[in-house]
Amino acid sequence: EGCIVAATQSGYINVATFSTDFAMPATICADQSFLFQVISSPPPNSSVWELDNGAYTWHGDYFNYVFNSPGTHKVKLTNTYGTCVDSAVKNIEVKTSPTTTGFIADVTAQCGAPVAVNFRDTTANAASWAWNIDWGNTNQTYSTAQAFSYTYNQNRLYNVHLAVTNTSGCTKHVYQTVNLPYPSVQIHMISSSQDPNNPCGPVTAKFGSTATWQSITQFRWEF
């Protein structure tokens, strides 16, 4: 009859559940920095990131990255849990950012405040705007129009901030200064002459002027 042989061996089988995942913004736009962060459970011993099949790699719990071109990009996270390895892959759609070319700030007068300044954005395919006409001193949005006029009541330097958003939901920020100093002119004597034999006689004097802001287009002297 046949023989039966039984063998046993003691050992351990590790059974574990790993959930490898990462967080990222809901909207990702080209030419802007975005954060990718590990949200795996349990926390891994180490993490390695790969973008577009190894075009870029990074080690760590998080990283920031700027996609230079819109379109579909592949992000892969590989976690190590002791002797076990698990990974997660996501295909993300990078959207086109607005192509900003600055905005126009047309100062309507050159004699100081109060003075109206006409603003107009020149960004193509823009869908919405948010203007701050005194950025740094106020956080309030003054206008959400593409073009508008605002009257400044003080002579000083203003920082203007524009956040422009396109139809893809991507936003870019544009900054520009508007300088509104009050024109100032200083008078100085260039030369003078007098008859030395007549110290109490008339004096011939030549005067000049210096403008501290812009060119003077017209002079009128009064004595």
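The charged end of K90 sits over the ring of F22, 4.5 Å from the ring centre, a placement that requires NZ of Lys or CZ of Arg within 6 Å of the ring centre and within 35 degrees of the ring normal. The model is predicted, with local features needing pLDDT of at least 70 and side-chain atom pairs counting only at pLDDT 80 or more, whereas totals for chains, interfaces and linings use all residues. Residues are numbered from 1 along each chain as its sequence is written, and side-chain values use heavy atoms, without hydrogens and water.

F22 also belongs to the largest nonpolar core, which has 17 residues; F22, I28, F36, W49, F67, V75 and I92 touch the most other members. Two or more residues of this core come from each of β2 (28-29), β3 (33-38), β4 (46-51), β7 (71-81) and β8 (84-95). Such a core comprises buried Ala, Val, Leu, Ile, Met, Phe, Trp, Tyr and Cys residues joined through side-chain atoms within 4.5 Å, and strands are DSSP runs (E, at least two residues) numbered from the N terminus. Beyond four places in sequence, I28 is in contact (heavy atoms within 4.5 Å) with F34, F36, F67, I92, E93, V94 and K95. A second, separate core of 16 residues includes I133, V164, V174 and V178.

The torsion about the S-S bond is about -95°, so the disulfide is left-handed. Because C29 lies in strand β2 and C170 in the loop between β13 (157-166) and β14 (171-179), the pair ties together parts 141 residues apart in sequence. C29 is buried at 4% relative accessibility, as is C170 at 0%, where buried means under 20% relative accessible area, exposed over 50% and partly exposed in between (1.4 Å probe, protein chains only).

Aromatic pairs number 19, counted for Phe, Tyr and Trp rings (the six-membered ring of Trp) with centres within 6.5 Å; planes under 30 degrees apart are stacked, over 60 edge-to-face and the rest tilted. F18 and Y81 are stacked, at 4.3 Å centre to centre and 20° between the planes. This pair links F18, in the segment before β1 (22-23), with Y81 in strand β7, 63 residues apart. F18 is partly exposed at 27% relative accessibility, whereas Y81 is buried at 7%. One aromatic cluster is formed by F103, F119, W131, Y142, F148, Y150, Y152 and Y158.

Technical notes:
Helix = DSSP H or I, 4+ residues; strand = E, 2+ residues; numbered from the N terminus. Disulfide = S-S within 2.5 Å.
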